[in-house]
Amino acid sequence: MPVLTTIECPVCWGGVNVSADVMLSELLDCGDCGAELEVTALSPALQLAEAPMSAEDWGE
Amino acid sequence: MAGSTEAQATATTAPRIVLVCTGVRPEEKMLVEAFAARSVELFTADDRRIHGPLDAWPEGLPSADAVILRAKSHWRNAVLARWIESRGALAVNNSGVIETCGDKVATTLRLIEHGVSTLRSSVSFSAESGRAAADAVGFPLVVKPVVGSWGRLIGKISDPDALETVLEHKEALGGAPHAVTYLQEFVASGGQDIRSFVVDGVCIAAIRRSSTHWRTNTALGATASAVDVDSELARLSVAAAQAVGGGAVAVDLFETDSGYVVNEVNGAMEFRNSVSTTGVDIPGLVADYVIREATARQRLAHVS
């Protein structure tokens with residue numbers, strides 16, 4: 001996976017690698033703290049936020 | 001193209017297909033890539049932004065001939081499937097499959113009705129009747145929420161004392177999640193089970209899930225390895241899929257001394273760990289299925 005950039009995790013401030021083909025709303029895991037993060041903006045700057053917590057009826 | 005609704009795209013063009021999801025997981029990204037490889041654009045929509053009156057096409061959802069429902073929420077998928085179908089479009093999976101797979105009691109009943117080998121299961125509606133329901137299954141047993149996934153709130157109960165505690169807690173907690181107690185036979189599988197993938201009536205792949213815990217959900221850390229799809233595994237997997245209404249589903253099975261037994265059927269299957277493990281292009285086969293179904297629907301509407 002080609003790394004586009006590394007940006008700050010909003011939970012632990014560690015570095016999160018983001019690939020060049022990242023999509024809006026894509027879910028990523030922080031390699032440092034394990035938080036699930038969601039891409040909330042692609043431009044003008046890439047932004048991450050903590051993804052919603054799992055709910056009772058979530059799953060397969 | 002179904003009906004004369006806002007769901008329609010032009011009958012002579014490629015079908016317009018939308019993917020609904022709650023954030024883009026690896027599965028959704030693989031699907032987008034699979035459709036792109038087939039020169040079909042897959043539009044995406046976030047379920048959190050969909051709303052609107054029920055007598056119109058959902059706002060926040062691009063018009064479509066077919067909608068792939070992969071929201072994380074079972075209820076949202078079920079509601080969206082009904083809504084989309086009422087507006088003349090194809091839901092994948094369809095509302096019947098989603099509703100059946102999302103409800104463990106409904107799944108079990110369908111498997112029994114269709115003669116598909118499955119685990120002994122029982123239900124009860126009170127702590128008192130729960131003890132009798134357990135006797136029908138035998139110890140050890142597994143208690144599961146009727147609606148739930150990823151191994152959440154699933155408990156192994158080894159004896160009547162432990163059962164009593166769980167039933168009393170469920171009664172005290174109350175509310176919809178505890179209104180029905182679903183009990184299922186425990187299979188001493190050594191922390192292993194099989195997950196097979198069925199798309200449009202064909203068992204396309206299977207993995208073995210292995211865990212140090214008795215729960216084998218990959219969401220809980222189980223690892224996946226490839227497994228050959230023998231004729232009996234294929235037959236039972238397809239039978240289970242047909243029992244819940246077809247579509248694209250993942251079937252969880254145990255291997256027992258008397259053969260394969262179906263545990264659950266998943267209507268919004270996850271496959272991120274299964275493509276490289278099996279070498280099977282699962283998202284590609286799902287894309288082919290959806291394009292085929294949407295195109296057939298377009299032709300039918302065009303003729304009629």
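In α1(B), the buried residues (20 or more other C-beta atoms within 10 Å of their own, with C-beta atoms placed from the backbone) are E27(B), E28(B), K29(B), L31(B), V32(B), A34(B) and F35(B). This is a predicted model, where local features need pLDDT of at least 70, side-chain atom pairs count only at pLDDT 80 or more, and totals for chains, interfaces and linings use all residues. Residues are numbered from 1 along each chain as its sequence is written, while chains are lettered from A and ligands numbered from 1 in the order in which they are written.

Helices here are DSSP runs of H or I with at least four residues, and strands are runs of E with at least two, numbered from the N terminus. The cover over the buried part of α1(B) includes β1 (17–21), β2 (42–46), β3 (66–70) and α9 (282–303) of chain B; contact means C-beta atoms within 7 Å.

Five of the five residues of β1(B) are buried. I17(B), L19(B) and C21(B) sit on one side, and V18(B) and V20(B) on the other.

Strands pair if DSSP finds at least two bridges between them. β1(B) runs parallel to β3(B) over five bridges, with L19(B) partnered by I68(B). Five bridges also join β1(B) to β2(B), again in parallel, and C21(B) has D46(B) as its bridge partner. The chain gets from β1(B) to β2(B) through α1(B), in a right-handed β-α-β crossover (clockwise from the first strand over the helix to the second, with the strands pointing away from the viewer).

Over in α7(B), L233(B), L236(B), S237(B), A240(B), A241(B), A243(B) and V244(B) are buried. They share one side of the helix because they cover an arc of only 160 degrees around the axis, going by the directions from the axis to the C-beta atoms. Their cover includes α3 (95–101), α4 (104–113) and β9 (192–199) of chain B.

Methods:
Buried ≥ 20, exposed ≤ 12 C-beta atoms within 10 Å, placed from the backbone. Contact = placed C-beta atoms within 7 Å.
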